[in-house]
Amino acid sequence: MRIVSLAAAVCCFALPALAHGPGGKHAAAPPKDPLFVGEGTWGQNYPDQWALRRVGFDDTRGSAWSKINAKSEHTIVAIIDTGLDWNHADIAWDSLWRNPGETPNNGIDDDGNGYVDDIMGWNFVDGNNKPWDHDGHGTFVAGVIGAAWNNGAGIAGVDPNARLMVLKALNTFGNTRASLVAQAIVYAADNGARVINLSVGGEGNTEVEKRAMDYARAKGVLVVIASGNEGRPMSEWSYGDAENAVIVAASDFNDRRTIFSNWGPEVDIAAPGLDVLSLRARYTDTMRGIPGVEYEGGAAYVGDDKRYYRASGTSFAAPIVTGAASLIFSTQPKLSAAEVRRMLLHSAKDIGAAGVDQYTGYGLLDAKAALAAAPDFFIDAHIDGVEVVQGAGGPAVRVLGVANASDFARARIELGAGKDPKQWSAPIADITSPATNGVIAEIPASAFAGSASWVLRLTTTHANGRTREARYQLDLE
Amino acid sequence: MRCSLATALVLSVSFLAPQFAQAQMLTKFEKEGPCKTRITVPIEIYGDGATDDFAFEIRKNVRDQWAGPSAEDAAAIGSSLGLETDWLADEDNAEWYKKYLEKNEGAIDPEVNQDGTQELVDKAGQIRGIYADYVREFSADPACIQGECCAVRIVTDVKVRKADDDPTPGYYQIEIVDDPNFRSYVWAGHKAREGVENPDEDNPDDWQTTPGTNGGSNGKWANNSSRNAAAHEVGHLMGLMDQYKDIKNADGKTIGSFQQHGHRHDIMAQSEAFPYRDAIAQLMEIGGIECDEETCCPGFEYNRFGQNYGVTVLAVGDAIAACNKPALRRLRSQLVDQRRNLMLASRIPAHRKIPLAVAIDEKIARIDEALKKVCDRPVTGTTPPAVTIGEDYTPIPVESDTDSTTWCEYGTDSPGGGTLIPSGGAPGTTPGSTPGTTPGSTPGTTPGSTPGTTPGSTPGSTPGATPGTTPGSTPGTTPGGRPTISGGVPIGSTPKDEDDPEETTPGETDDPTDDTPEIPTTVYVKAKASVLKGANGTKTSEIGGQRIKLIPDATKNPALPTDPGAQKDQTGADDDPAQCTTDDDGECQIVIADTRTTLGLGLKWDVSARYDYEVETPQSSGATVIGDEPLSDADKDTIVDELTGNGLDEDDIEFNNYRLGDKWVTGIGYGLKYDYGDDWSLDLGLKYKIEPDLCRTIQPGPPLGSSPQNYSAIGGEIPGAVISLPGHMTQENAQ
């Protein structure tokens, strides 16, 4: 029997497999794309792709990309958006997901998934297999995640080795309805996506989307969601209740939450979302004509050929996190979605208010730390609320939340008077067992004498000495 | 000095003579952060009615009233009045009442004033007015209100003093009488507000109260908070003057009162009202609190409600690009108004006025330039001759997409469509005279009709029947139901030069050196109709805010990477989109100078004509049903009956099924007519719940450096709560 070498048998794509990403012999070499190494292209005084650099994807030897090894696999990343201009110069065709069960152009649903000739994804808006982008938003998102490297032009994506599953669920103007998003989520989960990027939102939650999210989660898919750009609480916004998803806020040049970024306890992590640079789909100008947005047509184009675009929004913060998740999956494909989520969150750099806060969640994405994180490591400190109870010794304030760690050492609750206390005191003894049932501790009412305003500080300490904080403002009337 | 008692009012401030104005203001004004202010009013109550319960009532009354009306308050009011849920919609009262009558069959015409209906309408209108004018500017935090973008929290520290105890220093001393009808008052001096050089005796805004301890009582209140007396009197304790005046008879007896102009719903003017924004601004001044507006307020955008210098976000880019002159003129007018108001604003310092004015001036200049140099540029070429559709022009497939970004009203099954129509008329020719645009027709669905000629027919739907149709494509039948719009291009001149080619095929590039006039580079778009009801139930313009984009050939049916011989087509990679957004009249213009070839329009035609592009805006909405099996035919019939019973055509209702894990989802699409929005919920006795198919949109934020939208709900970085703790002692209490 003749043995055919596997290496020879798996060839498929016409383009060379290499040099478009951080794998192979180029493992640790940062990209050289002109807009990645460039600065001031549109007159600004910061690097063109500052957003990637800020989270560790830079051109130093210690870049987050240095964590990628030669054995990294291709992660299938589903982008549920307005589609893709797959003819863009910075989109390598071998970075597009190809449905292995489908024979192109035979008019048959070969894999029986309900979609005929779905080679690279699906156009849920028009009901066909050509998810072309007439808006530009989807192409922008795709560029952040997977723009080609070292092709002599343009930008660098976070994970150019990712395989982009293009699911067009939003129309020419970036609008859709929940049912189409839900169908796209289900498609992604059924067809092998490990990560879904959902830079989409709207008011209210729907059962159909919730079930789709649950379905995807059960299939091990990590859903990364933009928190939205209305400057309002996530509780009023869609997807705030998505379990085990990663909800991404947008940070600015100073690592603060951008003014437009939606906020709330649902926010998990932040990534740069101001003046992000990526691809422009032809015949598009995605910010043009959006009600309430002052924008002069063409102002966001970058480059003489207008093939690049700069924009702000949580829409563009989310794909940075998606790209990082894709890289983690590529190096450790056996990880679960929950583990990757944990690695992203618990390695984040704390910004804003100490600890987990409502503006930036666990903090700013730290891609290098995330790629190096232990999958089972976590430290949780959350105060979800308080309630007044009648304790054994009189009235008390019951603190609700979680204090836990992968190797729990202790937790401490402290009180500080005023809005921005400088001094703290511990009204009760340290907590020596993880609080995982929703109740952390009870503080005697007498501890609150002397001020009408207090800040509760919860500090959970891991056995390795690392800590995480959570704070809670308490006003007494 | 003290006001005489009157039963008509329970609110008053009684002034000490000015020489007592040195009384100490005990109210504490604290800036807690760059955008947070706390005003604490220390009150010690004593007397027959001074109880712990009433102390609580005072705290609660002040908190509730000074936080402004909450959405829940408003909803409760609406409910109590028997009004529908969207009674707060931003409509004028006449419109609202008309709607109310439609919804309440048999209601009495208010003009007849029978049966108390007028009172109901007045009441609703009054409260709607309060809500519409004020509640939206208040913080989401129920304990806070907004003052110049700073969150202002007003709290009372109320304690009860026993009869034998001495007054607690630092607390206003208020006697509570055990008489709910007693007319409450506080003693206070008054002085001109800082910065007011020539105060007008009759203008309360020129003055402030100076309450404070003077060794005795600071006021006497009824033990009744039902009419918000405590909230009003606390206003005086913070320094605010009354905004009402008593009406006295010839004997000097108070027989009523009236509110100062502009203070109809002011808590300082009447009992059932809320704090006014100006009052909050006054409190900030009295307390010497300055809010760093640049830090606290997002960019230039101040709250647009109730402020006299807000710089409204104006999307001028599209209007300039499309030379949408009505929109440009309207924007210019708004900007001029803004600039005038800005310069008149008294509370904004000069150093902040200047950059705002410069920014506005720049916008005005850009609009002026567009109006003069671009939009009014003379059209070259000959005067358009009369043409006959179908004889002088032949259809060309020009696809378009459209939807309303304002209200997310669109659908995949009821696409918009229109007709690109050459005409010899001047811009602004009356729409409706153009063929193929009869309302109710569905473009692109009726095979065999003549494109763009027969009223009510479907334009551009005869596959392959006409010259110039793109090979391989079927106009009007794009897979998946994309809105497909056909148009006309001239195939012959009228009159025609003998040297000119017989026919110009769309998509060809003519010899640029010939004398053939250029194709007009602007398509005039007229939206015909749109939905009336948006995602939030608010009625809006029928045809405004509609975005229309023409779809270039290169992207209509692009080759997939897996197609044989597929290459990366770079056609139009640097071209602008051909799109515009309609103004309130449903009109806009698309500049196609850069894209006409890729749109299949060629470079030159032998007739210079104007091209109207009528768009039938989409009207569809949807719902979903999740169940263990697809919706049964019987259930579908029930839904169809419900929808048709509300005026929808059966043909406009569609169902589709798909799997979601182990469940089935049935999607319901229905042509949306008026008043049947996506907030409906049917209770038809079905096994499964019908859920609105909510709108979703992409999430681009504002461009860097732009004036952002008004992000009103800036909340706390850390979570928090306000609790009532039995026996709690504050620092002041503990002294």
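## Close-up views of a predicted complex

**Figure 1. Strand 1 and strand 5 of chain A in a predicted model.** In this predicted model, strand 1 (residues 76-81) of chain A and strand 5 (residues 195-198) of chain A run parallel and are joined by 3 bridges. Within this pairing, Ile79(A) stands opposite Asn197(A) of strand 5 of chain A. Helices (H or I, at least four residues) and strands (E, at least two) are DSSP runs numbered from the N terminus, and two strands pair if DSSP finds at least two bridges between them. Residues are numbered from 1 along each chain as its sequence is written, and chains are lettered from A and ligands numbered from 1 in the order in which they are written. In this predicted model local features need pLDDT of at least 70, side-chain atom pairs count only at pLDDT 80 or more, and totals for chains, interfaces and linings use all residues, while side-chain values use heavy atoms, with hydrogens and water left out.

Figure 2. The open sheet has 7 strands in the order 2-3-1-5-7-8-9 (chain A), with parallel pairing. Its edge strands are strand 2 (121-123) and strand 9 of chain A, each of which pairs on one side only, and from one strand to the next the twist averages 25°. Angles run from 0 to 180 degrees between N-to-C directions, and axes are lines fitted to C-alpha atoms, for helices over the stretch in contact. Helix 5 of chain A lies across strand 1, strand 2, strand 3 and strand 5 of chain A and runs at about 155° to strand 3 of chain A; contact here means heavy atoms within 4.5 Å.

**Figure 3. Packing of helix 5 against helix 6 in chain A.** Helix 5 (residues 178-190) of chain A packs with helix 6 (residues 207-218) of chain A at an angle of about 10°, and their axes are 8 Å apart. The two helices of chain A, helix 5 and helix 6, are therefore roughly parallel to each other, given that angles under 35 degrees count as roughly parallel, over 145 as roughly antiparallel, 65 to 115 as roughly perpendicular and the rest as oblique. From helix 5 of chain A the contact includes Val181(A), Ile185(A) and Asp190(A), and from helix 6 of chain A it includes Glu209(A), Met213(A) and Tyr215(A). The residues of this contact divide into 11 nonpolar, 1 polar and 2 charged, where Ala, Val, Leu, Ile, Met, Phe, Trp, Tyr, Cys and Pro count as nonpolar, Asp, Glu, Lys and Arg as charged, and the others, Gly among them, as polar.

Figure 4. Asn150(A), placed in the loop between helix 4 (137-146) and strand 3 (163-168) of chain A, has a phi near 50°, a positive value in a residue other than glycine. Asn150(A) is partly exposed, with a relative accessible area of 35%; buried means under 20% relative accessible area, exposed over 50%, and partly exposed in between (1.4 Å probe, protein chains only). Asp255(A), in the loop between strand 8 (246-251) and strand 9 (269-272) of chain A, likewise has a positive phi, near 60°, but Asp255(A) counts as buried at 14% relative accessibility. Helix 8 (residues 337-346) of chain A is mostly covered, with 7 of its 10 residues buried, among them Arg341(A), Met343(A) and His346(A).

Figure 5. Strand 6 (residues 172-177) has the highest mean pLDDT among the elements of chain B, at 92, whereas strand 15 (residues 486-490) of chain B has the lowest, at 31; pLDDT is the predictor's confidence in each residue, from 0 to 100. Of the 6 residues of strand 6 of chain B, 5 are buried, so this strand is largely enclosed by the rest of the structure. Strand 3 (residues 36-46) of chain B runs parallel to strand 6 of chain B and is joined to it by 4 bridges, with Ile174(B) as the bridge partner of Ile45(B). Strand 9 (residues 219-222) of chain B also pairs with strand 6 of chain B in the parallel sense over 4 bridges, and here Trp221(B) is the bridge partner of Ile176(B).

**Figure 6. Helix 1 against helix 5 in chain B.** Helix 1 (residues 52-66) of chain B and helix 5 (residues 229-237) of chain B pack at about 75°, with their axes 8 Å apart, which makes helix 1 of chain B roughly perpendicular to helix 5 of chain B. Among the residues in contact are Ile58(B) and Trp66(B) of helix 1 of chain B and Ala230(B) and Val234(B) of helix 5 of chain B.
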